[in-house]
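User: I am new to this kind of work and would like to learn how to read the features of a protein model. Could you take me through them slowly, giving the general idea before the particular case?

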Amino acid sequence: MAIQPIKHIDMTQGYCGGAPRIAGTRITVHHLVVMVEHLGISTGEVLEQYNLTPGQLHAALSYYYDHREEIDHLIEQENN
């Protein structure tokens, strides 16, 4: 069985300020992180609200764990 690459996260200069986002959407990684990690909204609720697949949401959270400083900085900028 061939392993297929998964590309759920995209960054495009001038689109969502260049912030990492779910590919094909305007839903940013830092927005999802705030919902799940800071506000305690369940992943099920986020999936339903944004019509995401579990793979998309978990890719966003995985991106956060690998790039925590970058995403925390985006969250801080948005809160100021």
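**Reading the features step by step**

Analyst: Let us begin with a side chain over a ring: Arg26 lies over the face of Tyr15, at 4.7 Å from the ring centre. Please keep in mind throughout that this is a predicted model.

User: How should I read two packed helices, and at what angle do the axes of helix 3 and helix 4 cross?

Analyst: Two packed helices are described by the angle between their axes and by the distance between those axes. Here the axes of helix 3 (residues 54-66) and helix 4 (residues 68-79) come within 5 Å and cross at roughly 105 degrees. Because angles of 65 to 115 degrees count as roughly perpendicular, helix 3 is roughly perpendicular to helix 4. On the side of helix 3 the contact is made by Tyr63, Tyr64, Tyr65 and Asp66, while helix 4 contributes Arg68, Glu70, Ile71 and Asp72. Sorted by class, this contact of helix 3 with helix 4 has four nonpolar and four charged residues, and no polar ones.

User: How is a pair of aromatic rings read, and how many aromatic pairs does a search of the whole structure find?

Analyst: A pair of aromatic rings is described by the distance of the centres and the angle of the planes. A search of the whole structure finds one such aromatic pair. It is formed by Tyr64 and Tyr65, whose rings are 5.5 Å apart centre to centre, with 55 degrees between the planes, and the pair is tilted. Tyr64 counts as buried because its relative accessibility is 4%, whereas Tyr65, at 43%, counts as partly exposed.

User: Which residues of helix 1 are buried, and what covers them?

Analyst: An α-helix has 3.6 residues a turn, so residues three or four places apart point the same way. In helix 1 (residues 29-38), the residues Val29, His30, Leu32, Val33, Met35 and Val36 are buried. Their cover includes strand 1 and strand 2, together with helix 2, helix 3 and helix 4. After helix 1 comes Gly40, which has a positive phi, near 75 degrees.

User: Where is Cys16 found, and is Cys16 buried or exposed?

Analyst: Cys16 is found in the loop between strand 1 (9-10) and strand 2 (21-22), and although it is not a glycine, its phi is positive, about 60 degrees. With a relative accessibility of 17%, Cys16 counts as buried. Asn51, in the loop between helix 2 (43-50) and helix 3, also has a positive phi, of about 55 degrees, without being a glycine. Asn51 counts as exposed, because its relative accessibility is 70%.

Methods:
Residues numbered from 1 in each chain as written. Predicted model: local features only at pLDDT ≥ 70, side-chain atom pairs only at ≥ 80, totals over all residues. Heavy atoms only, no water. Axes fitted to C-alpha atoms, helices over the stretch in contact; angles between N-to-C directions. Helix = DSSP H or I, 4+ residues; strand = E, 2+ residues; numbered from the N terminus. Parallel < 35°, antiparallel > 145°, perpendicular 65-115°, else oblique. Contact = heavy atoms within 4.5 Å. Nonpolar A, V, L, I, M, F, W, Y, C, P; charged D, E, K, R; others polar. Phe/Tyr/Trp six-rings, centres within 6.5 Å; stacked < 30°, edge-to-face > 60°. Buried < 20%, exposed > 50% of the residue type's maximum accessible area, 1.4 Å probe, protein only. Lys NZ or Arg CZ within 6 Å of the ring centre and 35° of its normal.
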